[in-house]
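Have a look at the model first, then read on.

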Amino acid sequence: MFQFTKTEKQISLDFFESIFLVCLMIALLPQALLNYRLQNTNNLSTTTIILWTIGSEITLIYLIWTDEILIIAATYAVFIAIALFIGCQIKYYDQEKQSISPSVSQKSKYFQFLINYMLLLFLSSICGILLYYVLQLTKSHLYMSVLIGGIIPTIIDSIAYFPQIILIIQMRSAVGVSSLMILTELIGFTAGTISICLEQHIDIIPMSSFVAMIIFNLILLVLTLCIFRNTNKNENGTQSDYELGQDSKESMTLLKDEMKRLKPNINEQATTNINLVDDQ
């Protein structure tokens with residue numbers, strides 16, 4: 001039976017850990033770019049994004065509290081920042097869809113988007129500080145620390161996929177859900193699982209979390225690439241229809257404004273014509 005030497009095992013461990021960290025750091029970027037390209041987030045579950053953010057926030061603070069390697073904590077911080085950005089995208093595109101007034105300039109909308117994003121980052125930081133002090137209070141009760149920093153985020157991260165899976169099935173469409181994001185997460189969590197197996201003592205808590213997320217990502221991948229594959233081919237058509245609808249809405253708004261502007265002139269001209277007829 002082939003066995004790794006200690007050096008080979010350490011090299012393999014570092015390799016798979018690096019893959020996991022890189023994939024986790026960039027996992028949500030494809031989704032954020034797809035949202036921008038489609039200019040909507042219709043098929044993206046807000047609940048899933050919120051749960052991902054909460055689970056990652058707890059994990060990040062727990063890693064900082066336990067003095068883990070800085071790069072691991074930084075990776076989770078980047079993941080949270082992108083998740084919050086996607087949350088702001090959801091709010092922004094929902095407001096764009098409901099808005100019918102052109103009175104607010106595009107620059108003002110972008111500025112409001114930036115304010116919302118900075119506010120979410122600030123609130124996330126405050127919650128992180130509070131959670132850190134909660135963990136400090138549990139120093140004398142190790143099981144409480146493990147429950148808060150290990151078991152709870154594991155449960156949250158595992159159930160976070162359910163709302164997105166249910167939404168895709170209900171909408172019978174996977175348009176707007178990035179298959180590249182799912183594939184990146186799948187590769188990352190697979191690499192993370194392998195790295196845990198290479199450790200001297202297997203940590204069952206992250207192991208169970210990674211296995212659950214691999215299963216859910218496989219389900220999402222099947223939904224996006226197999227079951228609802230034909231709907232993904234219509235992404236460009238969906239985007240064109242959305243842009244056409246936006247153009248039509250703006251055109252109608254401009255037409256109404258023009259009619260309002262011309263209405264006094266029309267009334268004045270009609271009054272003049274009536275007076276001329278009366279004089280004749």
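Two rings of Phe, Tyr or Trp (for Trp, the six-membered ring) pair if their centres lie within 6.5 Å; planes under 30 degrees apart are stacked, over 60 edge-to-face, and the rest tilted. Keep in mind that this is a predicted model: local features need pLDDT of at least 70, side-chain atom pairs count only at pLDDT 80 or more, and totals for chains, interfaces and linings use all residues. Residues are numbered from 1 along each chain as its sequence is written, and side-chain values use heavy atoms, with hydrogens and water left out.

**Aromatic pairs**
- Searching the whole structure turns up 14 aromatic pairs.
- Phe85 and Phe113 make an edge-to-face pair, because their planes sit at 80 degrees, with ring centres 5.3 Å apart.
- That pair links distant parts of the chain, 28 residues apart: Phe85 is in helix α4 (residues 70-98) and Phe113 in helix α5 (residues 106-137); helices are DSSP runs of H or I, at least four residues, numbered from the N terminus.
- Phe113 also pairs edge-to-face with Tyr92, at 5.8 Å centre to centre and 85 degrees between the planes.
- Ring pairs join Phe85, Tyr92, Tyr93, Tyr110, Phe113 and Tyr117 into a cluster.

**Burial**
- Phe85 is partly exposed at 30% relative accessible area, while Phe113 is buried at 16%; buried means under 20%, exposed over 50%, and partly exposed in between (1.4 Å probe, protein chains only).
- Tyr92 is buried too, like Phe113.

Key:
Helices (H or I, at least four residues) and strands (E, at least two) are DSSP runs, numbered from the N terminus.
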